[in-house]
Amino acid sequence: MNLEFTPEEQAFRDEVRSFIADNYPAHLADFGMREDMSPEDMLAWHKILGAKGWSVPAWPVEYGGTGWTPTQRYIWSEENARASTFMPLPFGVSMVGPVIYTFGNEAQKARHLPGIRSGDVWWCQGYSEPGAGSDLASLKTTAVRDGDHYVINGQKTWTTLAQHADWGFFLCRTDPAAAKPQEGISFILVDMKTPGIEVKPIKLVDGSYEVNETW
């Protein structure tokens, strides 16, 4: 088995390394922790990658992916680690984006995928609750259908960076009469600017603020 990189792969590494050196915002190197960064700082590299077409390399090409080979994606990750870049937040790129392009309808794809790729739309995750962390089958938040919308009631916790989010994806119980607690749970996209949503900070021991309670 030949574990050496091919000349083409070495050339790709050189391209990636040069792009990072020429385009990664220099001031981001001054931050040691994500908690110290402004929302604009956290999105800066994502937006540069979005403009280049490199923000979602693992996505299918038809939805904006790069078409890179697994080895090229490895090189990409390795070079970003080498340069200590702050990579795009996972909530949109790695979590909700693949769900939307796999299971969403065409209207949902057209509405949400471009903003995830570009970094213009910030997403948060709403899974954990005060009584349902790793055991999500115990979640209590409900979503009741009302016409073409759902009315959601409940509390989520540890909602990372929800204070900045434009949209969130939430697990809610839509069928409380389901035979098993693991059934009757739906994945719902929520506009975080919807009236009635309240986000409260959870201050950590060191005084930092990254996670929230969300009603």
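Colleague: At what angle do the axes of α1 and α3 cross, and within what distance do they come?
Modeller: In this predicted model, the axes of helix α1 (residues 7–23) and helix α3 (residues 70–82) cross at roughly 35°. The two axes come within 10 Å.

Colleague: Is the crossing of α1 and α3 left-handed or right-handed?
Modeller: Right-handed.

Colleague: Which residues make the contact?
Modeller: From α1, the contact uses Glu9, Phe12, Arg13, Val16, Arg17 and Ile20. From α3, the residues are Thr71, Gln72, Ile75, Trp76, Glu78, Glu79, Asn80 and Arg82.

Colleague: Why quote an angle and a distance for two packed helices?
Modeller: Those are the terms used to describe such a pair: the angle between the axes and the distance between them.

Colleague: Is Ser84 buried or exposed?
Modeller: Ser84 is exposed, at a relative accessible area of 54%. The cut-off for exposed is over 50%, so Ser84 falls in that class.

Colleague: And what is phi of Leu161?
Modeller: About 60°, again a positive value in a residue that is not a glycine. Leu161 belongs to the loop between β4 (156–157) and β5 (167–173).

Colleague: Buried or exposed, for Leu161?
Modeller: Leu161 is buried, with 3% relative accessibility. Buried means under 20%, so Leu161 qualifies.

Colleague: Change of topic. How many helices and strands does the protein chain have?
Modeller: Five helices and eight strands. Read from the N terminus, the order is α-α-α-α-α-β-β-β-β-β-β-β-β.

Colleague: What share of contacts joins residues at least 24 apart?
Modeller: The figure is 62%, counted among contacts between residues at least 6 apart in sequence.

Colleague: What box do the C-alpha atoms fill?
Modeller: Roughly 60 × 40 × 35 Å, along the principal axes.

Colleague: What percentage of the residues is buried?
Modeller: Of the 215 residues in the protein chain, 38% are buried. The accessible surface comes to about 12000 Å², and carbon and sulfur atoms account for 53% of that surface.

Colleague: Last one: how many positive and negative side chains are there?
Modeller: The protein chain carries 18 positive and 28 negative side chains. The centres of the two sets lie 4 Å apart.

Methods:
Residues numbered from 1 in each chain as written. Predicted model: local features only at pLDDT ≥ 70, side-chain atom pairs only at ≥ 80, totals over all residues. Heavy atoms only, no water. Helix = DSSP H or I, 4+ residues; strand = E, 2+ residues; numbered from the N terminus. Buried < 20%, exposed > 50% of the residue type's maximum accessible area, 1.4 Å probe, protein only. Contact = heavy atoms within 4.5 Å. Areas by Shrake-Rupley, 256 points an atom, 1.4 Å probe, with all protein chains shown as cover. Lys, Arg positive; Asp, Glu negative; His and termini not counted. Charge placed at Lys NZ, Arg CZ, Asp CG, Glu CD. Axes fitted to C-alpha atoms, helices over the stretch in contact; angles between N-to-C directions. Left-handed = near helix turned anticlockwise from the far one by under 90°.
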